[in-house]
Amino acid sequence: YQRVSDGLHGQPFQLCAELKYDGLSISLHYKNGKLIQAVTRGDGVLGDDVTANVRTIRTIPLVLSNAHGNIPDEFEIRGEILMPWKSFERLNMERHNAGDAIFANPRNAASGTLKSKDPKTVSQRGLDAYLYYLLGENIAGDSHYENMITARSWGFKVSNDMKLCNSLDELWQYISYWDNMRKQLPVATDGIVIKVNSLAQQKALGMTAKSPRWAIAYKFQAEQASTILREVTFQVGRTGVVTPVANMDSVLLSGTMVHRATLHNADVMDALDLHIGDHVLIEKGGEIIPKIVGKET
């Protein structure tokens, strides 16, 4: 906050606070109101063209609503492809019953799904998308917040939980509220993204070699709980891969009762120096499958 103030030489500014969705970054290109290309972020320079798969995601419009007559001839909009918790749980149950390896978290599931060679498979897995940044030479407004409200009127799914903050106190209130309430959301989040609202001020602040000076991510601390390790069992996948699983006393973590956690492999067990009867710390973070992160001291 202070760096932005210094960079703008004390002129007033607003911040737009948004939930940081834990998914797969996507860039959608529209021309004459129609989706022409969808590209992943990839390595930051070169991404994958996933247009055919993205066309099957119901919340991404193929043709925009021009009710207000203000859609630029050509523009880009960026966001996240996500797998909602319900879709993730259903997919993992299906894979478990089929003897396939289950996905560790919704982000991995969304990424694996979007890379599928079969758009029909993508369509069946219930992906979703939230859009959060509008780019183009003919974007009329200077307010990032207002631009996203406008994009919503064109048919894009834009979060209702964005908030304009005029002070550091307002920003902390937003962070504090969502640190708890995010557990009730239908999709995974792992923090808050904070952006300077004015596009002109964004341009004035510029970029570092790796990131914009006008935006920053605030990451939530992963929730942990303590319980007792009672037994280790071994799960055999369809391909013969054996995965150790910790069986523990049930404990409440991120809103659900947890009694099992993956241990990944023998190296992880050795590194953690685990023994039956240990008091262990388990963590969920953005993952629905808990993991043991250490022993309670």
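What follows is a short report on this chain.

Keep in mind that this is a predicted model. The chain folds into nine helices and 13 strands. Its C-alpha atoms fill a box of roughly 65 × 45 × 35 Å along the principal axes. Out of 297 residues, 44% count as buried.

Let's start with the largest pocket, which holds about 1,300 Å³ of space. Its lining takes in 43 residues, and those nearest the centre are Ser25, Arg41, Arg78, Tyr132 and Pro212. Several elements give two or more residues to this lining, among them β1 (15-21), β3 (34-40), β4 (74-82), β5 (128-135) and α8 (199-205). Strand β2 supplies the largest share, with five residues. Sorted by class, the pocket lining has 20 nonpolar, eleven polar and twelve charged residues.

The largest cavity has about 70 Å³ of space. Around it sit Glu18, Leu19, Tyr21, Tyr130, Leu131, Tyr132, Val158, Ser159 and Met162. The elements that give two or more residues to this lining are β1 and β5. By class, that makes seven nonpolar, one polar and one charged. Notice that Tyr132 turns up here and also among the residues nearest the centre of the largest pocket.

**Salt bridges**

How many salt bridges are there? The count comes to eleven. Here are some of them, with the N to O distance for each pair.

| Pair | N to O distance |
|---|---|
| Glu76 and Arg78 | 2.6 Å |
| Asp273 and Lys295 | 3.5 Å |
| Glu94 and Arg90 | 4.0 Å |

In the Glu76 and Arg78 pair, Glu76 is buried because its relative accessibility is 15%, while Arg78 is partly exposed at 36%. Arg78 is also one of the residues nearest the centre of the largest pocket.

Glu94 and Arg90 both belong to helix α3 (residues 85-97), four residues apart, or about one turn of the helix. Glu94 counts as partly exposed at 47% relative accessibility, and Arg90 does too at 39%.

Asp273 and Lys295 form a salt bridge that links distant parts of the chain, 22 residues apart: Asp273 sits in the loop between α9 (266-272) and β12 (279-283), and Lys295 in strand β13 (residues 291-295). Asp273 is partly exposed, with 41% relative accessibility, and Lys295 is partly exposed with 29%. Elsewhere, salt bridges that share partners tie Lys20, Asp190 and Lys219 into one network.

Trp172 lies in helix α7 (residues 168-181) and is partly exposed, given its 47% relative accessibility.

Is Leu127 buried or exposed? It counts as buried because its relative accessibility is 8%. You'll find Leu127 in the loop between α5 (119-124) and β5. From Leu127 to His275, 148 residues along the chain, the C-alpha separation is 40 Å.

Gly112 has its place in helix α4 (residues 106-114) and is partly exposed, with a relative accessible area of 33%. Between Gly112 and Gly47 there are 15 Å in space, C-alpha to C-alpha, and the two are 65 residues apart in sequence.

Conventions. Residues are numbered from 1 along each chain as its sequence is written. This is a predicted model: local features need pLDDT of at least 70, side-chain atom pairs count only at pLDDT 80 or more; totals for chains, interfaces and linings use all residues. Side-chain values use heavy atoms; hydrogens and water are left out. Buried means under 20% relative accessible area, exposed over 50%, partly exposed in between (1.4 Å probe, protein chains only). On a 1 Å grid over the protein atoms alone, a cavity is a set of points where a 1.4 Å probe fits but cannot get out, and a pocket is an open set with protein on both sides within 12 Å along at least five of seven lines; lining residues have an atom within 4 Å of a point. Grid points are joined across faces, edges and corners, and a volume is the space filled by probe spheres set on the points. Ala, Val, Leu, Ile, Met, Phe, Trp, Tyr, Cys and Pro count as nonpolar, Asp, Glu, Lys and Arg as charged, and the others, Gly among them, as polar. A salt bridge is a side-chain nitrogen of Lys or Arg within 4 Å of a carboxyl oxygen of Asp or Glu.
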